[in-house]
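Me: Hey, got a new structure open and I'd like a quick tour. Can you walk me through it?

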Amino acid sequence: MPITSELELTTAKSTFTNSGVRGQNEEGLLNNSMKITIAVFVILPLVAVIAAVPLAIFLGGFFTWVDVGLILLFWVITAGGITLGYHRYFTHGAFKAPRAVKIGLAIAGSMAIQGSLDQWVADHRKHHQFSDEVGDPHSPWRYGTSKRAVAKGLYYAHVGWLFDEAQTPIEQYAPDIAADEDLRRISRFFPGILAASILLPALLGGLITWSWLGALAGLFWGGLIRIALVHHVTWSINSICHVFGTRPFKSRDLSSNVSWLAILSFGESWHNLHHADPTLARHGVLKGQMDMSARVIRMMESMKLVTDVRWPKPQRIASKLKDPAMRRRVRGYIAPSTSI
Ligand SMILES: [Zn+2]
Ligand SMILES: [Zn+2]
C-alpha cells in the first residue's frame, strides 16, 4: 500500500526519521569522502549546464557540430547502458545476454556515473520491493501529501536520497551481481570507468579537431553536459514518474506514465506499466508509446546478441489495465470474440 492515509503517514514519518528509510542495523553507512565525491559529480555537471550558454555564445569555436555529435554519442552509450543494462537486464532480468554483451552493458552503464552497478541494482530492487512505502530508498511521498511535503519529497527522490547515510546492502539485494566475477571487477573498477567517461569525449574532441580547444570542448559537452542530461533524466523517473502523469495500470504504488519524458528517457517514463509488470523488456506497451530501449533490444535479439527476451503478452497486459475500455490500446491485443 502506498503511504496515503494520515495514520500511515505519521507512522511512516516517524520511521523515516527515527531509523532511516533503510534499516541501519542491516546496512553499512555512507562515509564522508563518498558523500563529497557524490556532491562533486552532482554539482559539477550542473555548473557546466549553467555555464553552457554563455560559453557557447562568447567563446568562439567552443560549441561546434563535433560537440553535438559527442553529446549524442556518449548520451546514447551511457543512457542505453542504464536503461538496457543496469535497469532492464541486470536489475530485472528482462533478457539473457552472452558474456561480451553483459560486460559491454555493465561498462556502458557505469559510464553514466550513477554509482557502481552492484549498488545501483541493490537500490533499485529495494525501490520495487517497498515502492512508495517505508523502506523505499527514494519515494517522493516520504514527507507526506501536502504540497510542501511533496515538493520536499520530489527533491529527495530526485537527488537528496543519494546522500542518505544508510546504504542498501548489496549482499541482500544484488547477490547475483556480487557473485559474478566480471561484474564484481567492473564495480571495483568504477573510478577508472568514471575517469574514462569524462576523458574519452575529450580525447575524441581533441583528435577530431586536432586542437586543445576541441579537447576541452569535448570534455565539457560530451563529458559534463551529457552527464548532467543523463543524470537528471534518470532521476526524473524516481521523482516525476512517481508524482505526475497517468496511472492506467494496477500497481500497488504511485508510479505513473509521463509521456513527455518518453523520448528523453528511452522509454523508461512508462513507469506505471513498469511497476505493474517489472520484468518486461518493453515498458511502452500501449499503441503510440515510444520505447527506444525496447527497439534496441529487439534489434539485438534479431542479431542474436540477446536471447530469452521477456516481451509483453497482450492479454496479460490488458488484464492489468484499470479500465477495460483501454484494452484495445494494448499493442497486439485481440479482443475475445463475443459471437457463439
Ligand atoms: Zn519507480
Ligand atoms: Zn525497475
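Me: What share of the residues in the chain is buried?
Reply: Buried residues make up 43% of the 340 in the chain. A residue is buried if 20 or more other C-beta atoms, placed from the backbone, lie within 10 Å of its own.

Me: Where does this model come from, and how is it numbered?
Reply: It's a predicted model, where local features need pLDDT of at least 70, side-chain atom pairs count only at pLDDT 80 or more, and totals for chains, interfaces and linings use all residues. Residues are numbered from 1 along each chain as its sequence is written, while chains are lettered from A and ligands numbered from 1 in the order in which they are written.

Me: What's the mean pLDDT of the chain?
Reply: The mean is 88, and 91% of the residues reach 70 or more. pLDDT is the predictor's confidence in each residue, from 0 to 100.

Me: Where does pLDDT stay under 50?
Reply: Over residues 1-27, for which the model has 42 contacts beyond four places in sequence. Two residues are in contact if their C-beta atoms, placed from the backbone, lie within 7 Å.

Me: OK, new topic. How many helices and strands are there?
Reply: The chain has 14 helices and zero strands. Those are DSSP runs numbered from the N terminus: H or I over at least four residues for helices, E over at least two for strands.

Me: What about the nonpolar core, how many residues has the largest one?
Reply: The largest has 50 residues, and A79, L117, V121 and V230 have the most contacts inside it. A nonpolar core here is a set of buried Ala, Val, Leu, Ile, Met, Phe, Trp, Tyr and Cys residues joined through C-beta atoms within 7 Å.

Me: Which element gives the most to this core?
Reply: That's α11, with eleven residues.

Me: And what does V230 touch?
Reply: Leaving out residues up to four places away in sequence, V230 touches W75, T78, A79, I82 and A112. There's also a second, separate core of 15 residues, which includes F249, I317, A318 and L321.

Me: Switching to α6, which residues are buried there?
Reply: G153, L154, Y156, A157 and H158 are buried in α6. The buried residues of α6 pack against α11.

Me: What span should α6 have?
Reply: Its twelve residues (147-158) should span 16 Å at 1.5 Å a residue, and the end C-alpha atoms are 16 Å apart, which agrees. The expected span is 1.5 Å times one less than the number of residues.

Key. Buried ≥ 20, exposed ≤ 12 C-beta atoms within 10 Å, placed from the backbone.
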